[in-house]
Amino acid sequence: MLAIRTIVNECADVLGGSFSAEHGIGRESIDELRTRTDQTGHQSMQRLKRAFDPHGIRNPGCVLSEQDQVS
């Protein structure tokens, strides 16, 4: 499964796409999100998550790791 995911993500990169979709990232792809998102993008996601979910109760650990949601 990992090999297929790698091939699909590389194709998406070449075509200027994204490895995620409208359904979100999920817990399995948190590490991949971190490697595929620059620091500015990751910080923006953290800020948005805190703005819309300041207590971290909505799908904890699904978009950002739980440690990303703390501060």
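What share of the contacts in the protein with a separation of 6 or more is accounted for by residues 24 or more positions apart? The share is 41%, where contact means heavy atoms within 4.5 Å.

The structure is a predicted model, in which local features need pLDDT of at least 70 and side-chain atom pairs count only at pLDDT 80 or more, while totals for chains, interfaces and linings use all residues. Residues are numbered from 1 along each chain as its sequence is written, and side-chain values use heavy atoms, with hydrogens and water left out.

**Overall make-up**

The protein has three helices and zero strands, and its elements run α-α-α from the N terminus on. Helices (H or I, at least four residues) and strands (E, at least two) are DSSP runs, numbered from the N terminus. Of the 71 residues in the protein, 25% are buried; buried means under 20% relative accessible area, exposed means over 50%, and partly exposed lies in between (1.4 Å probe, protein chains only). The protein exposes about 5,400 Å², and carbon and sulfur atoms supply 57% of that area. Accessible areas come from the Shrake-Rupley method with a 1.4 Å probe, and for residues only the protein chains shown count as cover.

Helix 1 covers residues 2-14, and its 13 residues should span 18 Å at 1.5 Å a residue; the end C-alpha atoms are 18 Å apart, which agrees. The expected span of a helix is 1.5 Å times one less than its number of residues. After helix 1 comes G16, which has a positive phi near 80°.

E28 is found in the loop between helix 1 and helix 2. With a relative accessible area of 66%, E28 is exposed.

E32 belongs to helix 2, residues 30-36. Its relative accessibility is 18%, so E32 counts as buried. Beyond its neighbours within four places in sequence, E32 is in contact with R5, N9 and F19.

**Helix 3 and the segment after it**

The 14 residues of helix 3 should span 20 Å at 1.5 Å a residue, and the end C-alpha atoms are 20 Å apart, which agrees. H42, Q46 and K49 are the buried residues in helix 3. Seen down the helix axis, the buried residues of helix 3 fall within an arc of 65°, so they line one face of the helix; the arc is that of the directions from the helix axis to the C-beta atoms. An α-helix has 3.6 residues a turn, so residues three or four places apart point the same way. The buried residues of helix 3 pack against helix 2, whereas T40, R47, A51 and F52, on the other side of helix 3, are exposed.

Q46 lies within helix 3, which covers residues 39-52. Q46 counts as buried because its relative accessibility is 16%. Between Q46 and L64, which are 18 residues apart in sequence, the C-alpha to C-alpha distance is 7.3 Å.

A search of the whole structure finds one salt bridge, meaning a side-chain nitrogen of Lys or Arg within 4 Å of a carboxyl oxygen of Asp or Glu. The salt bridge joins K49 to D53, with the closest N and O atoms 2.8 Å apart. Both K49 and D53 are buried.

In the segment after helix 3 lies N59. N59 is not a glycine, yet its phi is positive, about 45°. At a relative accessible area of 55%, N59 is exposed.

**Accessibility of individual residues**

| Residue | Relative accessible area | Class |
|---|---|---|
| Q46 | 16% | buried |
| E32 | 18% | buried |
| N59 | 55% | exposed |
| E28 | 66% | exposed |
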